[in-house]
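Please open the model in your viewer and prepare to select residues by number.

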Amino acid sequence: MNHLQQRSAKQRHWLIFSLLLAITLLASACGNNTSKGSAANTGNATEALPASQQPEQTVEPAAFKTVTTINGEIKIPVKPKRIVAEEYLGSLIALDTIPVGAPGLTLENMYFKEALAGIADTGTYGKMSPEKILELEPDLIISGMADSYEALSQIAPTIIVPYGDLKNTHEELTYFGKLLGKEQEAKDWLAQYDKRIAEAKAKVDAVIPADATFSILEHGDKATWAYGDNFGRGGQPVYQALGRKPPAGVAKEIMEKQWAEISAEMLNKYAGDYLIVTDNEQTVQDYKDDPIWGSLPAVKNDHIYVWKEGKSWYYDPIAVLSQTEELAAWLTAGQK
């Protein structure tokens, strides 16, 4: 521009006049062709600018990621906002992820009742209502029921994790931490879990012989069942967290099959030194008064703990931690 500044005022005036005239003529020509070309030209406005003046393009992170499931590879939101959880509600809550819907039975979980406000009831556990789920407009559905995939996947991306595939609290929290992009939250929660479990186990180990056997039982009107280490009723706290064992004669069956229906005549075979019994009706005194149960060494020695289904049924990480500490308190009560 220096050489222009050195020109005479007359030359500058003439140049400015020429430029203004050219602009006026160009504007007039564009105005005459507005109906033919304005719509197309508008879309290409930025392409006419030099590269240095193009608007900066923002690269958005991927909205979806692909995960491998029993139903193949499925695309799910990287950060789902509206989850319906038929199963694994406790793991989601441990990761500070509150779903928009869950079946009624899981919503009765006493171990995290305060976190359940506002979660919609999606129907019967194992048979959730597609209509109710559809109304919630989920962006991800999590279920443990393989036969529900076809119906649920029509509503939103659906992850099926069959019951029992995740063997313990660590596997469960780690899996969902990765699925939801909350790996660090899972690690932090598990660190606190391990600390409290270790404290409970140390207290029990200090007063209960290492070779003492434990049985996880559920008693109903018509039958009694024995359970393994991954079927609720206290199996996870006793066999996994506290590291206790079932009677040797039934240990393989219980741990492989995870449950067994037993008759009154078989009760002595399945009964260990300590009995953790789920029963909605009978009390410890009722068992002591029963001629068959009352003859068991565990009952005679007051080594029987009876709790209701509402406390024993749940097996999520939050429930397992609370149950472990509850059972540890019972096992060590009055001990020095």
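In this predicted model, begin with the second largest cavity, which has a volume of about 100 Å³. Select Leu166, Glu172, Asn230, Gln236 and Tyr315: of the 13 residues that line this cavity, these are the closest to its centre. Next, colour α7 and α9 (235–241), the elements that give two or more residues to the lining. By class, this lining comprises 5 nonpolar, 6 polar and 2 charged residues.

Now centre the view on Glu172, which belongs to helix α7 (residues 169–179). Is Glu172 buried or exposed? Glu172 is buried, yet it has no salt bridge. Select Lys167 as well: this is the nearest side chain of opposite charge, and it is 11 Å away. Then display Tyr88, Ser91, Leu166, Asp316 and Pro317, which Glu172 touches when residues up to four places away in sequence are not counted.

Keep Glu172 selected, for this residue also lines the largest cavity. Other residues of that lining include Glu87, Thr106, Asn109, Phe112 and Trp313. The volume of the largest cavity is about 120 Å³, and its lining divides into 6 nonpolar, 3 polar and 3 charged residues. In total, the structure holds 3 cavities of 30 Å³ or more.

Finally, turn to the largest pocket, which contains about 200 Å³ of space. Select its lining residues, among them Val78, Lys79, Pro80, Asp96, Ile98, Leu180 and Lys182. Which classes are found there? The lining of the largest pocket has 6 nonpolar, 2 polar and 4 charged residues.

Conventions: Residues are numbered from 1 along each chain as its sequence is written. This is a predicted model: local features need pLDDT of at least 70, side-chain atom pairs count only at pLDDT 80 or more; totals for chains, interfaces and linings use all residues. Side-chain values use heavy atoms; hydrogens and water are left out. Helices (H or I, at least four residues) and strands (E, at least two) are DSSP runs, numbered from the N terminus. Buried means under 20% relative accessible area, exposed over 50%, partly exposed in between (1.4 Å probe, protein chains only). Lys and Arg count as positive and Asp and Glu as negative; His and the chain ends are not counted. A salt bridge is a side-chain nitrogen of Lys or Arg within 4 Å of a carboxyl oxygen of Asp or Glu. Contact means heavy atoms within 4.5 Å. On a 1 Å grid over the protein atoms alone, a cavity is a set of points where a 1.4 Å probe fits but cannot get out, and a pocket is an open set with protein on both sides within 12 Å along at least five of seven lines; lining residues have an atom within 4 Å of a point. Grid points are joined across faces, edges and corners, and a volume is the space filled by probe spheres set on the points. Ala, Val, Leu, Ile, Met, Phe, Trp, Tyr, Cys and Pro count as nonpolar, Asp, Glu, Lys and Arg as charged, and the others, Gly among them, as polar.
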